Amino acid sequence: MSRDHRTLRALLFGLVALGWISACARPTELTERKAAEILEGASFEVAPVYAEVPQVVRWGPESPKDDYDELAVRTLRNLEREGLVRLIDEGSPESDVYVLRAETTPEGFRILGTVPSARGPALRARIAEKRIDGLRNFIRHPDDPTVARAELVWHYERPTRFYDLFETKIDKPLDRPFASLVSFRWEDGSWHFAVIAEKVDPSN
């Protein structure tokens, strides 16, 4: 075999191999079943749910009391009754300033976590679980079979003893369906998904 023939044969083999690799990398049409598989490979069916309460609640003439402040005080009182925090009144009646500070007890220190929040350091506890129920309203892009969006439906369940104590939990009713809007796309040789809206009411 001549050198030219060997070169031509190697070139043809390379083109065939490149075509085979490209074919393997090309995605199939995105279906609802495939979308579910993408999510299963990247997330858990069950996730813990937490609630928090500020360690310090304050209001006064310059920062009036709001509805959340009332929920925070009631939550701290609930935790105090459980022996998890000790409350210290640091307010000043003369200036109409209310300040309530919570310090964890030895038992509370073992149970309650601390996290930063918009109202300063907060106490946190696990109050329930979030369970995935599945996909609904799957819609594929009319012009691109590798792009789609859907609703990932889920609900809160299995409340812990802290579920009722944390009155600061917002919109976390048990066993009521919610949904996250997610999008899917093929990019850089693999499937990707992104959350468009974290929490919506799927009945709308």
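**Entry 1: E129**

For the elements I used DSSP runs numbered from the N terminus, where helices are H or I runs of at least four residues and strands are E runs of at least two. The model is predicted, so local features need pLDDT of at least 70 and side-chain atom pairs count only at pLDDT 80 or more, whereas totals for chains, interfaces and linings use all residues. Residues are numbered from 1 along each chain as its sequence is written, and side-chain values use heavy atoms, with hydrogens and water left out.

Is E129 buried or exposed? I noted that E129 is buried, with a relative accessible area of 13%. The classes I used are buried at under 20% relative accessible area, exposed at over 50% and partly exposed in between, with a 1.4 Å probe and protein chains only.

I then checked the side chain of E129 and found a polar contact of 3.4 Å with the side chain of R158. A polar contact is a pair of N or O atoms within 3.5 Å; within protein, one must be able to donate a hydrogen and the other to accept it, and residues adjacent in sequence count only if both atoms are side-chain atoms. With neighbours within four places in sequence left aside, I listed V46, A47, V49, H155, Y156, E157 and R158 as contacts of E129, contact being heavy atoms within 4.5 Å.

**Entry 2: the chain overall**

I recorded four helices and nine strands in the protein chain. From the N terminus on, I read the order of elements as α-α-β-β-α-β-β-α-β-β-β-β-β. Buried residues make up 32% of the 204 residues. Among contacts with a separation of 6 or more, 60% come from residues 24 or more positions apart. The protein chain exposes about 13,100 Å², and carbon and sulfur atoms supply 53% of that area. The areas come from the Shrake-Rupley method with a 1.4 Å probe; for residues, only the protein chains shown count as cover.

**Entry 3: the three-stranded sheet**

I traced an open sheet of three strands in the order β2-β4-β3, with antiparallel pairing; two strands pair if DSSP finds at least two bridges between them. Why is one side of β2 and of β3 left without a neighbour in the sheet? Strands β2 (56–59) and β3 (85–89) stand at the edges, and each has a single partner strand. Neighbouring strands of this sheet are turned by 15 degrees against each other on average, direction ignored. For this I took axes as lines fitted to C-alpha atoms, for helices over the stretch in contact, and angles between N-to-C directions from 0 to 180 degrees.

Five bridges join β3 to the antiparallel strand β4 (residues 98–104), and the bridge partner of R86 in β4 is E103. I found helix α3 (residues 67–81) packed on the sheet, where α3 touches β2, β3 and β4. The direction of α3 makes about 145 degrees with that of β2.

I located T105 in the loop between β4 and α4 (106–111). At 17% relative accessibility, T105 counts as buried. The side chain of T105 reaches the backbone oxygen of G83 at 2.6 Å. Not counting residues up to four places away in sequence, T105 touches G83, L84, V85 and R86.

I placed S92 in the loop between β3 and β4, and S92 counts as partly exposed at 24% relative accessibility.

**Entry 4: nonpolar cores**

I took a nonpolar core to be a set of buried Ala, Val, Leu, Ile, Met, Phe, Trp, Tyr and Cys residues joined through side-chain atoms within 4.5 Å. Which of the 27 residues in the largest core touch the most other members? They are L79, L112, I127, F162 and F166. Two or more residues come from each of β1 (46–54), β2, α3, β3, β4, β6 (122–140) and β7 (147–157), and α3 gives the most, with five.

I listed the contacts of F166, leaving out residues up to four places away in sequence: A51, E52, V53, T75, L79, L112, L123, R124, A125 and I127. Another core, of 12 residues, lies apart from the largest one and includes I38, L39, L135 and V182.

**Entry 5: β7 to β9**

I counted eight bridges between β7 and strand β8 (residues 178–187), which pair in the antiparallel sense; V153 has A179 in β8 as bridge partner. Strands β8 and β9 (residues 190–200) also pair in the antiparallel sense, over eight bridges, and the partner of S183 in β9 is A194. In the hairpin of β8 and β9, with two residues between the strands, D188 takes a positive phi near 55 degrees.
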